[in-house]
Amino acid sequence: MSGIKITWFTKLMFKLWPGFAMQRMARKMGISDPLFDEAQELFSRVRRVDILPSASGLRGFVVVLDRKTALYFYQDGDHFVYDGFEMGRYDKGDVTIFDNTKRNA
């Protein structure tokens, strides 16, 4: 963010309309993308996010939104790929799921 001037108007917008201010900053930084706006719209309405390990036998995980919608991701080399979604009633996740992960320093 170095080199981006944050005006008094932008600071005011962060206090009053943080979502709109983030969109404005993204455009200034050259990373404006309609996909980010859609993600903001979706996740701003989600009250609960649970993360579960994949039960498919593949290396992956499940992100559950409001215990109603499951988003599936599986490993593809050095990253994860979205594999689709299902709807239903889901159990609570484990908030300690990332506690034992190693960080590359």
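Which residue in β3 is the bridge partner of Val-63? The bridge partner is Leu-71. This is a predicted model, in which local features need pLDDT of at least 70, side-chain atom pairs count only at pLDDT 80 or more, and totals for chains, interfaces and linings use all residues. Residues are numbered from 1 along each chain as its sequence is written, and side-chain values use heavy atoms, with hydrogens and water left out.

**Strands**

Helices (H or I, at least four residues) and strands (E, at least two) are DSSP runs, numbered from the N terminus. Two strands pair if DSSP finds at least two bridges between them. The pairings are set out below.

| Strands | Bridges | Direction | Hairpin |
|---|---|---|---|
| β2 (residues 60-65) and β3 | six bridges | antiparallel | three residues between the strands; Asp-66 has a positive phi near 50° |
| β3 (residues 69-76) and β4 (residues 79-87) | eight bridges | antiparallel | two residues between the strands; Gly-77 has a positive phi near 70° |

Leu-71 also stands opposite Phe-85 in β4. Gln-75 stands opposite Phe-80 in β4.

**Surface patch**

Trp-8, Phe-9, Leu-12, Leu-16, Trp-17 and Phe-20 form a nonpolar patch on the surface. Together they have about 690 Å² of accessible area. Such areas come from the Shrake-Rupley method with a 1.4 Å probe; for residues, only the protein chains shown count as cover. Nonpolar side chains (Val, Leu, Ile, Met, Phe, Trp, Tyr) are joined within 5 Å, like charges within 9 Å. Helix α1 (residues 8-16) gives the most, four residues. Trp-17 lies in the loop between α1 and α2.

**Largest pocket**

The largest pocket has a volume of about 240 Å³. Of its twelve lining residues, the closest to the centre are Met-22, Gln-23, Ala-26, Phe-36 and Asp-37. A pocket is an open set of points on a 1 Å grid over the protein atoms alone, where a 1.4 Å probe fits, with protein on both sides within 12 Å along at least five of seven lines; lining residues have an atom within 4 Å of a point. The largest share of the lining, six residues, comes from α2.

Methods: Points joined across faces, edges and corners; volume = space filled by probe spheres on them. Patch = residues over 30% accessible without salt bridge, like charges linked within 9 Å, V, L, I, M, F, W, Y side chains within 5 Å. Salt bridge = Lys/Arg side-chain N within 4 Å of Asp/Glu carboxyl O.
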